[in-house]
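Q: Could we go through this structure together? I would like to begin with its pockets.

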Amino acid sequence: MLARVLPSVLAAVIGGGILWQATDGAQAFTSEAARRLDVVQSPRQVPKVLLEDMTSRPVPLLPQAGEVVLVEFIYTVCGDICQIAAADFAEIRDRLQAQGVKVRLLSVSFDPERDTPEQMAIYGDAHEADGIMWTIARPEQKALPELLDLFDVTVIPDEWGGYQHNAAIHVITGDGRFSAVYDTDAVDAVLAHVNGSRP
Amino acid sequence: MRMICLALLAFAEAVALRDAAVASPVQHVLVQMPLLVLAGVVAAWNLKAPRSWAVPLLLAALTTFLFWMLPRNVDWALSPAGEAAKYITLPLLLGVPLRLSWPWLGPILRGFLKANALSMLGVLGFLYTHAPVRICNSYLVSAQQDLGFAFLYLAAALACLWAIPVLFGHPRRLRWAAPDTPNAELEVK
């Protein structure tokens, strides 16, 4: 009896174990959930990268002097999700400004060829990103793949000449590590995280 | 020999669909992946497993099936490592064990598996057409909805296919199966 049942039990246990591992303990069924979990569990060091902002000045991606940097990836002619996300980003900026928290917000273009400083300035004007606390910036074309890879951002062209991408707010803490991902509309969660990680 | 050639043909077609799989999830999940499973099924067509292996083999097949049903693994299957894993596991750990265990499965278990396949396709179809977020980062929202509808059409087609023998009886012998094929009787049972 045991000899008949044992192989089946073994197969079931191994199969269950594989599926348990493959979903990070039934927590992550999509690759978006998986990357968010992975980032929290093992924060990733962000390299020293300089971006070019709306006024063609270089801005560092890494936090300076203990600040927290919030990053979202955009392209300026985006028709839907970036526009809504920008409104939420503005709200985060306003509330952090009122609290006097040292945070920098970056909207980073993943289409640096089309998003020239002029183009980024138009986007910044539209969303009241004045370049002080929140600025729009673009990486060099050759630095882009590495950045998208680090943040696990997948950009695919859509049917109308634009892009679809996994939009989110990426948190780089003061120690220079990318350590959390939030939905673009999770304003309260981002604020709580920033306040919690304040030195 | 003929079956091995057919298996290689199915495998080659699946590999030839590499670019199509990147372009559309329907071609990936409902054409390329089933072709890989088919390659395994056909390769093991004339093989036989002892009865005591039936349940472990079925469990191995179900595990592989569930693994590749996870949306995150559909994304992963487009990366080099995931692609290699897909080409190896779908034929060898899903197609082959499914074929080897199937003759030993009783009618109730077969019916159970078929009913579950239909309800699962229905749930997936609903999920992919109505999800408020992108389920796979590698595909467009419109493609995700196409995949949802494809799941529903497939469920409807399979329901019809499986209902015919129940309602109208089995055909006496499959026309294309030669009388001396060892498995012909199993197929028409």
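**The second largest pocket**

A: The second largest pocket has a volume of about 780 Å³. A pocket is an open set of points on a 1 Å grid over the protein atoms alone, where a 1.4 Å probe fits and protein lies on both sides within 12 Å along at least five of seven lines. The volume is the space filled by probe spheres set on the points.

Q: Which residues are closest to its centre?
A: Of the 30 lining residues, those are Ile81(A), His165(A), Ala167(A), Val133(B) and Arg134(B). Lining residues have an atom within 4 Å of a point.

Q: Is this the real thing or a model?
A: The model is predicted: local features need pLDDT of at least 70, and side-chain atom pairs count only at pLDDT 80 or more, while totals for chains, interfaces and linings use all residues. Residues are numbered from 1 along each chain, and chains are lettered from A in the order in which they are written.

Q: Which element supplies the largest share of the lining?
A: That is α3(A), with four residues. In chain A, α2 (31–41), α3 (81–99) and β8 (163–165) each supply at least two.

Q: Turning to chain A, how many helices and strands are there?
A: Chain A has six helices and 10 strands. These are DSSP runs: helices are H or I with at least four residues, strands E with at least two.

Q: And how much of chain A is buried?
A: Of its 199 residues, 51% count as buried, meaning under 20% relative accessible area with a 1.4 Å probe, protein chains only.

Methods
Heavy atoms only, no water. Buried < 20%, exposed > 50% of the residue type's maximum accessible area, 1.4 Å probe, protein only.
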